[in-house]
Each structure stands twice: as structure tokens, then as C-alpha cells.
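In these notebook entries I record what I looked up about nonpolar cores and aromatic rings.

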Amino acid sequence: MGSPPMIDGAFARWLATRAGQALLDLRAELGFADPGALKSAGDKVSHDLIRTELARWRPADAVLSEEDEGSRLAWAAEVNAGAVSRLTADRVWIIDPLDGTREFSEEGRSDWAVHVALWARNGSASHGLVGGAVALPAQHRVLGTDQPPAYPPMTLAAATAGDGRTIRLAASRSRPPVFLTELAGEVGAELVPMGSAGAKIAAVVTGEVDAYIHAGGQYEWDSAAPVAVATATGLHASRIDGSALKYNEADPRLPDLLVCRKDLASRLLAALQRHSGVA
């Protein structure tokens with residue numbers, strides 16, 4: 001594909017697209033007979049490609065990738081010799097090489113993604129994200145901050161239900177928050193099970209669903225790129241208590257979030273206070 005674009009948002013799109021194509025090629029090569037082997041190979045192929053290109057084209061930047069050794073630990077300020085500390089760096093790429101390994105390993109599923117985001121110390125937004133892209137390779141789509149999608153239309157279910165509109169709420173296939181069913185009942189929401197976090201937030205960006213709520217365990221790489229795109233699109237994104245999402249923290253755990261249409265944010269946050277246990 002030649003030299004990548006130098007502008008960071010376009011570079012994130014280029015990188016996510018390349019990794020996504022490599023994953024599609026791997027799926028075609030290995031098939032689905034051994035899901036475990038396909039998952040492991042997918043994580044490695046995408047991680048190695050992204051890491052190689054970042055080292056080549058952005059050598060001064062730090063990187064936080066899900067597949068890095070020790071990535072889930074709270075980092076101390078000390079780093080290995082020759083490494084760039086992400087805690088003192090001005091620019092950090094936050095990467096999920098394959099978001100939704102389970103879905104990736106299942107034939108016919110398209111709800112998996114590649115996340116590439118850039119955090120900058122001088123970023124103007126509260127989350128510090130200054131660029132990002134979410135590749136949905138099996139859907140042949142890439143959403144990026146360099147070309148933010150238009151603000152999504154209300155889903156048909158919500159638009160045709162009048163004041164008592166039915167909100168379409170993306171939910172985890174395997175680990176939905178235990179309170180989500182009660183919350184959905186209160187606000188008149190229909191739960192829509194989906195795979196990866198990237199696919200769910202992408203569905204909010206494109207208007208396929210109206211909101212996504214998660215609680216119960218995620219890391220920065222699960223949401224950084226999708227949140228960058230969602231906020232560039234004009235959507236609301238926060239913790240479920242309404243506080244700001246923050247990235248490149250010492251502890252990379254970021255266990256909960258809400259991404260939704262802005263007109264639904266206050267209603268959903270109020271319901272979350274009643275059902276999720278947040279203060």
C-alpha cells in the first residue's frame with residue numbers, strides 16, 4: 001500500500017485497514033476448524049503488523065496494546081531501557097489488534113474489529129484522544145476521525161414509536177451487565193446483542209442502535225478508538241456515572257461506559273443511577 005499518510009487520523013485509518021485485511025486473509029487461510037488456533041493467530045498477526053508499522057512510521061511515540069506483555073497491569077513510572085514510557089510520553093497509540101476474538105473465530109460473524117487510537121497530552125478533549133479508526137473488516141467498513149461520519153439518524157424503532165419510543169440498546173452477547181434488563185424495561189429499550197465493543201459503538205455511530213452501555217470490565221484499548229470516532233461524530237460518551245472517560249492512565253482498566261445519542265444521555269444517565277449502583 002506504499003507510504004502511509006502522515007496526518008494522524010488518516011494514518012490510524014490506514015493502519016486499521018491494513019490490519020483488518022491481514023485478518024481477513026488469515027481467516028481465509030486457516031478456516032474455522034480450530035477456533036482457538038484462529039484466535040491466537042489473529043491476535044498475533046494483527047498485533048505484529050501494527051507494532052511494526054508504528055515502529056517504522058511513529059518511532060518516537062509510545063504504544064499501549066492489548067497484546068503487550070503486562071498490558072493489564074498498573075504501570076509504574078519506570079520502564080525498560082530504550083522504551084518510551086507511556087506515562088510520560090506526549091503521544092500514545094492505544095491499540096486493540098483484534099477486538100472480538102470470539103466472533104472472529106466464528107464463521108459468518110462480522111461483529112469484530114480492529115482499534116487504532118492516538119492519545120496526546122495536549123489533546124483538547126477531556127479524554128485526550130486526538131485521532132482514531134475502527135476497522136470492521138468483515139463488514140468492509142472503516143470509521144475514522146479523519147472523515148467523521150454524519151451524526152446518526154434515530155433508529156427506525158425509536159423514530160416510529162413517538163414519545164414512548166423504543167430505544168435500541170446494544171448489549172454484550174456474553175457479558176451484559178446484570179442490571180441492563182431492568183434498565184431497558186424502565187426506559188422502553190430493546191436489547192440488541194452484539195459482539196465486540198468496537199462493533200457495538202460503531203453501531204451507535206451508524207445509527208443501527210441508539211446507545212451502548214457497558215459495565216463490568218473493560219480496558220482502555222476496548223473503547224479508545226471507538227470513543228474517538230463517536231465523539232468526533234458528535235455523540236455522547238462518558239462513564240456510566242456521567243464522569244469523563246480518561247485514557248493513558250496508570251491503571252489501564254476502564255470498566256464501564258455509555259455511548260449514545262446526545263438527546264438520550266440525561267435520560268440514560270438518570271436510569272443508570274437508579275439501576276447500576278453508581279452514586
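Predicted model: local features only at pLDDT ≥ 70, side-chain atom pairs only at ≥ 80, totals over all residues.

Entry 1, the cores. I looked up the largest nonpolar core and found 38 residues, of which Ile94, Leu129, Val227, Tyr247 and Val259 touch the most other members. A nonpolar core is a set of buried Ala, Val, Leu, Ile, Met, Phe, Trp, Tyr and Cys residues joined through side-chain atoms within 4.5 Å; buried means under 20% relative accessible area, with a 1.4 Å probe and protein chains only. A second, separate core has 24 residues, including Trp93, Leu98, Ala133 and Ala135.

Residues are numbered from 1 along each chain as its sequence is written, and side-chain values use heavy atoms, with hydrogens and water left out.

I searched the whole structure and found four aromatic pairs (rings of Phe, Tyr and Trp, the last by its six-membered ring, with centres within 6.5 Å; planes under 30 degrees apart are stacked, over 60 edge-to-face, the rest tilted). The rings of phenylalanine 11 and tryptophan 14 have centres 5.7 Å apart and planes at 25°, so I list the pair as stacked. Both residues are buried. The rings of phenylalanine 11 and tryptophan 93 have centres 5.5 Å apart and planes at 65°, so this pair is edge-to-face.

Terms used:
Buried < 20%, exposed > 50% of the residue type's maximum accessible area, 1.4 Å probe, protein only.
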